[in-house]
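Hi there,

Here is the structure I promised to pass on to you. Have a look at it first, and then read on for my notes.

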Amino acid sequence: MNTKKCINCGKTFKPVPQAPKQTYCAATTCQKERRKKWQKNKLQTDPDYKKNQASAQKAWANRNRDYWRKYRESEKNQGKQTLKDNSTHNDHFIKMDLSSSWLPFANGLFKLKLIANNNSAKIDSWIIEITRYEEAFNTNV
């Protein structure tokens, strides 16, 4: 039997005899992608399937009414633990609402340089280097 190229990962594979029109290889990631595309297409083209999926989702939500409350609590606890873990390694965490009276800078223009993404509980926090705008120009000259 001829080999084919997987339309997801691009690797070659031998289709199984039972499915000669097979277009995805047997890799788990490729099969997940195949099922995801099938379901997306089915939801768009089959109103009965879409209705059944919606009713199944609603039934699950009714059986698990406190799911999101428990999920948020566990996320909060994980976030607190991550902050606790990081604070033992990195003791200079700064909160956005912290008083700015301690800042060593006066008003002015500054250059911000990304040093690293912070692996704290917040996904949108960064570690940056702050340099006065004038100093930033003098070091680049």
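Leaving aside residues up to four places away in sequence, Cys25 touches Cys6, Cys9, Phe13, Cys30 and Gln31, where a contact means heavy atoms within 4.5 Å. Cys25 also belongs to the largest nonpolar core, whose five residues are Cys6, Phe13, Tyr24, Cys25 and Cys30. Such a core is a set of buried Ala, Val, Leu, Ile, Met, Phe, Trp, Tyr and Cys residues joined through side-chain atoms within 4.5 Å. Buried stands for under 20% relative accessible area, exposed for over 50%, and partly exposed for what lies in between, with a 1.4 Å probe and protein chains only. In soluble globular proteins, nonpolar side chains tend to be buried together.

Before you go further, please note that this is a predicted model, in which local features need pLDDT of at least 70 and side-chain atom pairs count only at pLDDT 80 or more, while totals for chains, interfaces and linings use all residues. Residues are numbered from 1 along each chain as its sequence is written, and side-chain values use heavy atoms, with hydrogens and water left out.

Now the overall layout. The protein chain has four helices and four strands, and from the N terminus on they follow the order β-β-α-α-α-β-β-α. Both kinds of element are DSSP runs numbered from the N terminus: helices are H or I with at least four residues, strands are E with at least two. Of the 141 residues in the protein chain, 12% are buried. Among contacts with a separation of 6 or more, 19% are between residues 24 or more positions apart. The protein chain exposes about 12,700 Å², and carbon and sulfur atoms supply 54% of that area. Accessible areas come from the Shrake-Rupley method with a 1.4 Å probe, and for residues only the protein chains shown count as cover.

Next, the aromatic side chains. A search of the whole structure turns up five aromatic pairs. Trp60 and Tyr67 make an edge-to-face pair, 5.2 Å centre to centre with 70° between the planes. Rings of Phe, Tyr and Trp (its six-membered ring) pair if their centres lie within 6.5 Å; planes under 30 degrees apart count as stacked, over 60 as edge-to-face and the rest as tilted. Tyr67 also pairs with Tyr71, and this pair is stacked, at 6.2 Å centre to centre and 15° between the planes. How far apart are Tyr67 and Tyr71 along helix H3? They sit four residues apart in this helix (residues 67-89), so about one helical turn separates them. Trp60 is partly exposed at 36% relative accessibility, Tyr67 is partly exposed at 35%, and Tyr71 is partly exposed at 36%. Together with Trp68, these residues form one aromatic cluster.

The charged side chains are worth a look too. The count comes to five salt bridges, each a side-chain nitrogen of Lys or Arg within 4 Å of a carboxyl oxygen of Asp or Glu. One of them joins Glu33 and Lys36, at 3.6 Å from N to O. Because Glu33 and Lys36 are three residues apart in helix H1 (residues 28-45), they are separated by about one helical turn. Glu33 is partly exposed, with a relative accessible area of 21%, whereas Lys36 is exposed, at 53%.

Arg69 takes part in a bridge with Asp66 (3.5 Å, N to O) and in another with Glu73 (3.2 Å, N to O). Glu73 and Arg69 lie four residues apart in helix H3, so they too are about one helical turn apart. Through shared partners, salt bridges link Asp66, Arg69, Lys70 and Glu73 into one network. Asp66 is partly exposed at 29% relative accessible area, as are Arg69 at 41% and Glu73 at 39%.

Finally, the surface. Which residues form a nonpolar patch there? Leu112, Leu114, Trp126, Ile128 and Ile130 do, with about 510 Å² of accessible area together. Patches are made of residues with over 30% relative accessible area and no salt bridge; like charges are joined within 9 Å, and nonpolar side chains (Val, Leu, Ile, Met, Phe, Trp, Tyr) within 5 Å. Strand E3 (110-117) and strand E4 (126-132) each supply at least two residues of the patch, and E4 gives the most, with three. Leu112 lies in strand E3 and is exposed, with a relative accessible area of 57%.

Best wishes
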